[in-house]
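Please open the structure in your viewer and keep the selection tool at hand. Each stop of this tour names what to select and then describes what is there.

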Amino acid sequence: MLDKEAIKELLSSRFSNDIHTKLSEIPLPCELKDTFKAAKRIKEAIQNDELIAVVGDYDVDGIVSTAIMAEFLTDMSANFIIKIPNRFKDGYGLNEEIINELENATLIITVDNGISAIEAAKICKAKGIDLIITDHHMPLPTLPEAYAIINPKQANCPFPNIEICGAQVAWYLIGALKEVCELRNYDMAKFLDLLTLAIIADMMELRDLNRILVRLGLARINSSKRACFEAIKNYYNKEKFEFDDISFLIAPLINSAGRIDDATISYEFLRSRNLKEANGYLDKICEFNASRKAQEKALFESSQNDIDENEDIIVTWGNEWHEGVIGIVASRLAKKYKKPAIVFSIDGDKAKGSARSVGKFDILSLIASQESLLCGYGGHKGAAGIVIESANLNKFKTAINKSCFLQELYDFSTNDEVLGQINPEAIDYELIEILEFFEPYGQKNPRPLFELKGAMVKSAKKIGKEESHLKIILQKDSKTLEAIFFNFDYLPKSGESIDILVTIAKNSFRGLIIPQLLIKEIIRQEQK
């Protein structure tokens with residue numbers, strides 16, 4: 001049974017292999033292949049007053065990447081324009097239509113995309129446009145013919161084996177530009193607030209380099225002079241943000257514009273010059289977020305109609321399902337059924353899909369094993385995008401559920417974040433402080449789950465607008481504990497003894513901080 005000291009030791013062991021533990025130790029820009037080649041070309045373009053085009057992406061990482069590059073180019077008084085593709089009109093990444101739209105640009109810089117833009121690179125070359133690609137997605141066997149490619153996953157790149165997001169790649173390019181342009185006093189740390197949004201929203205591993213940046217970045221967000229963060233603080237009536245606020249409050253807001261309408265609105269929000277301007281954009285974004293929630297709820301319900309729970313991989317689809325929310329729905333399905341999920345939206349003879357994994361299972365490799373059936377795919381181990389001919393959906397569903405990869409699924413999706421059975425006497429304010437010390441929690445540093453066995457239910461009350469949550473008072477030995485069970489799937493009775501999996505959070509009420517259990521699962525029920 002775990003006490004506080006044992007919990008501290010277990011959490012400390014997660015970081016025993018981290019190479020970088022201080023900001024002064026993080027990798028340098030020179031460790032990213034082509035970074036200085038790209039920086040020298042950008043410096044030349046700035047000096048010659050060439051028109052530079054920055055092409056981003058419509059998720060948080062792509063929006064932040066664009067905002068970071070735009071801020072640097074503004075600081076340098078460069079001649080530039082930005083283009084964030086519209087999910088519905090432009091599709092993903094750089095293409096011929098976007099290149100034609102960027103007339104007079106002699107240099108195009110992609111951020112958080114471009115590694116698969118083989119045809120677009122050929123068009124740029126034919127037009128005499130230099131293309132610099134900054135990306136972090138897995139490269140295909142053939143790379144685009146670009147002037148420079150900055151991607152830590154490409155062959156012969158000496159960058160350490162750390163998963164970084166697109167915004168971090170763009171930040172490293174600015175680091176190289178600082179050196180090339182001899183900007184000795186340029187403050188690279190001013191971008192940490194924006195970087196933190198991207199790292200967490202793009203579900204990067206919260207270890208090593210990423211852990212350092214996010215811990216520093218949260219402090220930057222809370223002291224930030226950016227109008228966008230002041231507006232969000234006012235909207236949520238918060239004096240300061242916690243790590244979880246980024247995942248559950250800020251990132252979904254920034255994402256919603258690109259999911260429902262146009263991500264450029266979120267970009268303009270991040271770049272707002274004053275509070276009035278920020279509030280105007282935030283009003284629009286909040287409307288998009290409300291619409292996103294409504295459409296997500298309806299689609300989540302529809303998506304479950306044809307699910308075969310005996311299959312290892314959930315694959316579901318529908319005609320003209322909203323492309324902006326299928327990724328969220330895939331995440332919810334994966335969480336509910338505890339198995340990978342792929343959700344497709346059919347539009348004529350093509351279907352676009354979003355995939356989400358569970359545990360450590362590599363969903364991208366599984367999808368790649370069916371490449372012959374696909375028009376295109378890309379992404380990460382935990383999340384991927386797919387395009388397929390609608391006629392091949394059933395064949396794909398059957399093939400992917402017969403794949404030899406699935407023998408690894410249950411080995412990789414186990415709950416390795418369960419630390420063990422906790423001593424109820426250890427659940428106090430001091431434990432909260434220990435758990436907060438090891439934040440932020442996320443990929444590769446999962447929030448600790450504990451087993452609590454034989455807890456007696458003193459009372460259970462439905463709460464929330466739709467009464468979909470439970471507030472439970474538990475008794476374990478001499479300890480009385482308060483627990484919340486969000487979206488409960490079992491209603492225990494008073495006097496019942498239950499075994500539960502819980503995380504531990506703090507509940508602040510009128511200045512008093514007490515531990516609160518968040519129930520993830522009731523794993524056994526026994527009527528007393």
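Predicted model: local features only at pLDDT ≥ 70, side-chain atom pairs only at ≥ 80, totals over all residues.

**First stop: the open sheet**

Select the strands β2, β1, β3, β4 and β5, which form an open sheet in that order, with parallel pairing. The edge strands are β2 and β5 (148-150), and each of these pairs on one side only. On average, neighbouring strands of this sheet are turned by 15° against each other, if direction is ignored.

**Second stop: strand β1**

Now select residues 51-55, which make up strand β1. Is this strand mostly covered or mostly uncovered? Strand β1 is mostly covered, for five of its five residues are buried. In a regular strand, side chains alternate between the two faces of the sheet.

With strand β3 (residues 105-111), β1 pairs in the parallel sense over five bridges.

Select residues 275-303, the 29 residues of helix α12. From its first C-alpha to its last, α12 reaches 40 Å, which is close to the 42 Å expected at 1.5 Å a residue. At the start of the helix, a side-chain oxygen of Asn274 reaches to within 3.3 Å of the backbone nitrogen of Lys276.

Which residues of α12 are buried? Among them are Leu282, Ile285, Phe288, Asn289, Arg292, Glu296, Leu299 and Ser303. An α-helix has 3.6 residues a turn, so residues three or four places apart point the same way. To see what covers the buried residues of α12, display α9 (227-236), α10 (243-260), α11 (264-270), β6 and α13 (326-337), which are included in that cover.

Select Thr316, which lies in strand β6 (residues 314-319). The side chain of Thr316 reaches the backbone oxygen of Ser303 at 3.0 Å; Ser303 is one of the buried residues of α12. Leaving aside residues up to four places away in sequence, Thr316 touches Ser303, Trp321, Leu333, Ile342, Val343 and Phe344. Why does Thr316 count as buried? Its relative accessible area is 4%, and buried means under 20%.

Select Asp112 in the loop between β3 and α5 (118-127). Asp112 has a positive phi of about 60°, although it is not a glycine. With a relative accessible area of 0%, Asp112 is buried.

Then move to Asn487, in the loop between β14 (479-485) and β15 (497-509). Asn487 too is a residue other than glycine with a positive phi, near 50°. Asn487 counts as exposed, at 56% relative accessibility.

Finally, select Pro440 in the loop between α17 (429-437) and β12 (449-463). The peptide bond that leads from Glu439 to Pro440 is cis, with omega near 5°.

Methods:
Residues numbered from 1 in each chain as written. Heavy atoms only, no water. Helix = DSSP H or I, 4+ residues; strand = E, 2+ residues; numbered from the N terminus. Buried < 20%, exposed > 50% of the residue type's maximum accessible area, 1.4 Å probe, protein only. Polar contact = N/O pair within 3.5 Å; in protein donor to acceptor, adjacent residues only side chain to side chain. Contact = heavy atoms within 4.5 Å. Pairing = 2+ DSSP bridges. Expected span 1.5 Å × (residues − 1). Axes fitted to C-alpha atoms, helices over the stretch in contact; angles between N-to-C directions.
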